[in-house]
Amino acid sequence: MRKCIIDEEVVVHPMDGMQLSEGYIREDKRTRFRGCLPGMEPEAGDTVIEVLSRLEVKAKAYYGDDVVVEITSHH
């Protein structure tokens with residue numbers, strides 16, 4: 001069985017504002033992805049972009065419409 005590793009780290013922040021939260025999107029069972037932000041139910045989807053979009057909807061409902069959820073750079 002393959003271990004689940006962090007594929008992408010994500011952050012929540014207002015447009016041009018400081019970071020409010022951070023989470024992750026992980027590969028789950030080879031073909032699907034699962035994402036999570038602290039204090040919110042996990043989201044699943046077929047692609048990283050799909051999960052990112054679902055996380056953004058939840059973050060907007062929690063923090064307000066002016067937030068974005070972005071994948072952070074690993075460099």
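## Serine 21

Serine 21 counts as buried because its relative accessibility is 10%. Buried means under 20% relative accessible area, exposed means over 50%, and partly exposed lies in between (1.4 Å probe, protein chains only). Serine 21 sits in strand β2, residues 21-28. Strands (E, at least two residues) and helices (H or I, at least four) are DSSP runs, numbered from the N terminus. Leaving out residues up to four places away in sequence, serine 21 touches Val10, Val11, Val12, Pro38 and Tyr63. Contact here means heavy atoms within 4.5 Å.

## Basis of the model

This is a predicted model: local features need pLDDT of at least 70, side-chain atom pairs count only at pLDDT 80 or more, and totals for chains, interfaces and linings use all residues. Residues are numbered from 1 along each chain as its sequence is written, and side-chain values use heavy atoms, with hydrogens and water left out.

## The nonpolar core

A nonpolar core is a set of buried Ala, Val, Leu, Ile, Met, Phe, Trp, Tyr and Cys residues joined through side-chain atoms within 4.5 Å. The largest one has 13 residues. Val10, Val12, Ile25, Leu37, Leu55, Ala59 and Val69 touch the most other members. Two or more residues each come from β1 (6-14), α1 (48-63) and β5 (67-71). Helix α1 gives the largest share, five residues. In soluble globular proteins, nonpolar side chains tend to be buried together.

Leucine 55 touches Val10, Tyr24, Ile25, Gly35, Cys36, Leu37, Glu43 and Val69, not counting residues up to four places away in sequence.

## Strand β4

Glutamate 43 lies in strand β4, residues 43-45. Glutamate 43 counts as buried, because its relative accessibility is 17%. Its side chain makes a polar contact of 3.1 Å with that of lysine 58. A polar contact is a pair of N or O atoms within 3.5 Å; within protein, one must be able to donate a hydrogen and the other to accept it, and residues adjacent in sequence count only if both atoms are side-chain atoms. Beyond four places in sequence, glutamate 43 touches Phe33, Arg34, Gly35, Val51, Arg54, Leu55 and Lys58.

Alanine 44 is also in β4. Its contacts beyond four places in sequence are Arg32, Phe33, Arg34, Val51 and Arg54. Alanine 44 and isoleucine 25 are 19 residues apart in sequence and 9.0 Å apart in space, C-alpha to C-alpha.

## Aspartate 16

Aspartate 16 is in the loop between β1 and β2. Aspartate 16 counts as exposed, because its relative accessibility is 83%. Its phi is positive, about 55 degrees, although aspartate 16 is not a glycine. Most residues other than glycine have a negative phi.
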